[in-house]
Amino acid sequence: MLFWVSEFNAWVLFLCIKMTSPYFLRKGSGVLARDMCKAANNTETAKNRERNKHVSGVKAVAAAAEKDPDTEPQIWLSEQPPAAGCSASPAAQTRALGSEAETDAGKARPARPRRRALRVEYEAAGGPGVGQLERDQEEAKRDRWEPRHFWKQLENIREMRRKKDAPVDHMGVQKCFDSEASPEVMRYQVLVSLMLSSQTKDQVTSAAMVKLRGHGLSVGSILQMDDRTLGELIYPVGFWKTKVKYIKQTTEILQKQYNGDIPDNVPDLVSLPGIGPKMAHLIMDIAWNKVSGIGVDTHVHRISNRLGWMKKNTKTPEETRVALEGWLPRDLWSEINWLLVGFGQQVCQPVNPLCSSCLNRHCCPSAN
């Protein structure tokens, strides 16, 4: 009995020591920690296995959709499909797969790049696309310089020229040739009248042309006429002696190289004696009815600079022509010479311009 009591007391004492001893506590903690790690690993492995099942299902659906886009895919979360006639609804499938599909979206199916919309441009016959033409026109509008008050000034000049009562309207080159003559003779008369008009008033040019036409103004008649007679007929035009020489030389060239007609292009025209760029462009406009450039004489040169139609003032009519053609709309090239010549004869004169009666007095930078 005493032995049993003492053995029981020894066992109780051992338990107390084991429960309070740091050694046994540390050893027990390690065992517990290892057990907890094993349990956690087993739980994570089960979760990964379940997630892999779901991801495999998503991949299978994606592959089936790519092969046959017209077939509606069905997804089952369990290993066995639902019973016949009880297919899972798409909404339920989406909710069930929501969290797992979002977690591994990159692994399940990579996002397809969005297709960019293509702009189709139809190409005209022999030309660039319509869209390209529109862009070129817009770019040209942005890049083209234009005087500040140009359109207002132009309308005012048109209003002042509405009556068409300037000398150029009655005695200009357009009125000097014989409209009933043959086309070749008519074109030759236009050329001669422009040669006479250089540094000469329209009244004097018109009188000389009347006398020349009275003697039969044609290539043949001028070739048969001596220089003295020709000089007497065109006198008193400016530089009449020089013009006699130029008219004879040009007429001989026309007879030999152009069969009695005149050239139909600017390079050949300016190669003739006494013909400059201004005359060549006016000849193309009046004789051939083709607009090749702006005819700039002293009136057009002077008025364009006075109105501020130049980025910077020009010194010669040829510089003015190049500058005007750089920004002036092409459909105005033929009209601008006629407008400004008559306007310069009546209002914007070289000396003492009539600014007080000019409609542009409030928008002209040169108005007194």
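Just after helix 15, Gly308 adopts a positive phi of about 80°. Helices here are DSSP runs of H or I with at least four residues, numbered from the N terminus. The structure is a predicted model, in which local features need pLDDT of at least 70 and side-chain atom pairs count only at pLDDT 80 or more, while totals for chains, interfaces and linings use all residues. Residues are numbered from 1 along each chain as its sequence is written, and side-chain values use heavy atoms, with hydrogens and water left out.

At the other end of helix 15, Asp297 provides an N-terminal cap, with a side-chain oxygen 3.2 Å from the backbone nitrogen of His299. Helix 15 itself is mostly covered, 8 of its 9 residues being buried; buried denotes under 20% relative accessible area, exposed over 50%, and partly exposed the range in between, with a 1.4 Å probe and protein chains only. The buried set consists of His299, Val300, His301, Arg302, Ile303, Ser304, Asn305 and Arg306. These buried residues pack against helix 16 (317-327) and helix 17 (333-346), where contact means heavy atoms within 4.5 Å.

With residues up to four places away in sequence set aside, Ser304 touches Trp309, Met310, Thr320, Leu324 and Leu340.

Helix 17 also packs with helix 6 (residues 150-160), at an angle of about 65° and with the axes 10 Å apart. Axes are lines fitted to C-alpha atoms, for helices over the stretch in contact, and angles run from 0 to 180 degrees between N-to-C directions. The crossing of helix 6 and helix 17 is left-handed; a crossing has this hand if the near helix is turned anticlockwise from the far one by less than a right angle, and is right-handed if clockwise. Helix 6 contributes Leu154, Ile157, Arg158 and Met160, and helix 17 contributes Glu335, Ile336, Leu339, Leu340 and Phe343. By class, the contact of helix 6 with helix 17 holds 7 nonpolar, no polar and 2 charged residues. In this scheme Ala, Val, Leu, Ile, Met, Phe, Trp, Tyr, Cys and Pro are nonpolar, Asp, Glu, Lys and Arg are charged, and the others, Gly among them, are polar.

Helix 8 takes part in two further pairings. With helix 14, its axis comes within 10 Å and the two cross at roughly 150°, in a right-handed crossing. Val190, Leu191, Leu194 and Met195 of helix 8 meet Met279, Leu282, Ile283 and Ile286 of helix 14. The residues of this contact between helix 8 and helix 14 comprise 8 nonpolar, no polar and no charged.

The second pairing joins helix 8 (residues 183-197) to helix 9 (residues 202-214), with axes that come within 9 Å and cross at roughly 140°. Helix 8 and helix 9 are therefore oblique to each other, given that angles under 35 degrees count as roughly parallel, over 145 as roughly antiparallel, 65 to 115 as roughly perpendicular and the rest as oblique. The crossing of helix 8 and helix 9 is right-handed. On the helix 8 side, Gln189, Val192, Ser193, Leu196 and Ser197 meet Thr205, Ala208, Met209, Leu212 and Arg213 of helix 9. This contact of helix 8 with helix 9 has 5 nonpolar, 4 polar and 1 charged residues.

The loops hold some backbone features of their own. Most residues other than glycine have a negative phi, and most peptide bonds are trans. Gln199, in the loop between helix 8 and helix 9, has a positive phi near 60° and counts as exposed because its relative accessibility is 61%. Asn259 lies in the loop between helix 12 and helix 13 (266-270); its phi is also positive, near 55°, and at 71% relative accessibility Asn259 counts as exposed. Tyr235 and Pro236 are joined by a cis peptide bond, with omega about 15°, and Pro236 sits in the loop between helix 11 (227-234) and helix 12 (240-257).

Lys290 is placed in the loop between helix 14 (277-286) and helix 15, and counts as partly exposed at 40% relative accessibility. Beyond its neighbours within four places in sequence, Lys290 is in contact with Asp264, Met284 and Asp285. The C-alpha atoms of Lys290 and Asp264 are separated by 9.1 Å, the two residues being 26 apart along the chain.

Note on methods. Polar contact = N/O pair within 3.5 Å; in protein donor to acceptor, adjacent residues only side chain to side chain.
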